[in-house]
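Keep the structure in view as you go.

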Amino acid sequence: MQEKVRIRVKILNEGDAEGEIVAYNFPISFLGEVNAKNGEIIFKDKKISIKDKILIFPNTRGSTVGSYVIYALKYYNNAPKAIIVEKAEPILIAGCVLSGIPLAEDLEGNLLKEAKKYSKAKLDSKEGILFLY
């Protein structure tokens, strides 16, 4: 791995992960915008696969059922390898804990801008660092 950028993150659900980045600019409502059976975000006419990706986005919005949609992503083997957000809320945290999906929150405030420059990421939960490369 060729290291390019290190971003300090707050680990909310432990676990290491490495993979392709999906940097999504908008808040996500897991209920209605994410199809757990195929692991896709549905945005307007686009479908974006999050299966086995490092999913990076600003924050979540919407229903408390979102935790169960995150759990369903894991159940159907369509979950992202890790979720990194600018700001986490309890529904997202509960969903990731139930599903065993590593979750981290940005501590530097430039996560999305930096993530768009790179194609892959590695989350080191022990050190609280997200590597972008």
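The exercises below concern a predicted model.

**Exercise 1. Decide whether Glu 114 and Tyr 75 are buried or exposed.**

Solution. 
- Step 1: Locate them. Glu 114 sits in helix α4, residues 111–115. Tyr 75 belongs to helix α2.
- Step 2: Recall the cut-offs. Buried means under 20% relative accessible area, and exposed means over 50%.
- Step 3: Apply them to Glu 114. Its relative accessibility is 13%, so Glu 114 counts as buried.
- Step 4: Apply them to Tyr 75. Its relative accessibility is 58%, so Tyr 75 counts as exposed.
- Step 5: List the contacts of Glu 114. Leaving out residues up to four places away in sequence, Glu 114 touches Val 5, Ile 7 and Leu 132.

**Exercise 2. Find which helix gives the most to the nonpolar surface patch.**

Solution. 
- Step 1: Name the members. They are Leu 31, Val 65, Tyr 68, Tyr 71, Tyr 75, Tyr 76 and Leu 98.
- Step 2: Note the area. Together they have about 760 Å² of accessible area.
- Step 3: Pick the helix. Helix α2, residues 66–75, gives the most, with 3 residues.

**Exercise 3. Describe the largest nonpolar core.**

Solution. 
- Step 1: Give its size. This core has 22 residues.
- Step 2: Find the members that touch the most others. Among them are Ile 28, Phe 30, Leu 55 and Phe 57.
- Step 3: Trace the elements. At least two residues come from each of β6, α2, β7 and α3. The largest share, 4 residues, is from α2.
- Step 4: Look elsewhere. A second, separate core has 17 residues, including Ala 104 and Leu 132.

How values were computed: Residues numbered from 1 in each chain as written. Predicted model: local features only at pLDDT ≥ 70, side-chain atom pairs only at ≥ 80, totals over all residues. Heavy atoms only, no water. Patch = residues over 30% accessible without salt bridge, like charges linked within 9 Å, V, L, I, M, F, W, Y side chains within 5 Å. Areas by Shrake-Rupley, 256 points an atom, 1.4 Å probe, with all protein chains shown as cover. Salt bridge = Lys/Arg side-chain N within 4 Å of Asp/Glu carboxyl O. Buried < 20%, exposed > 50% of the residue type's maximum accessible area, 1.4 Å probe, protein only. Contact = heavy atoms within 4.5 Å. Core = buried A, V, L, I, M, F, W, Y, C linked by side-chain atoms within 4.5 Å.
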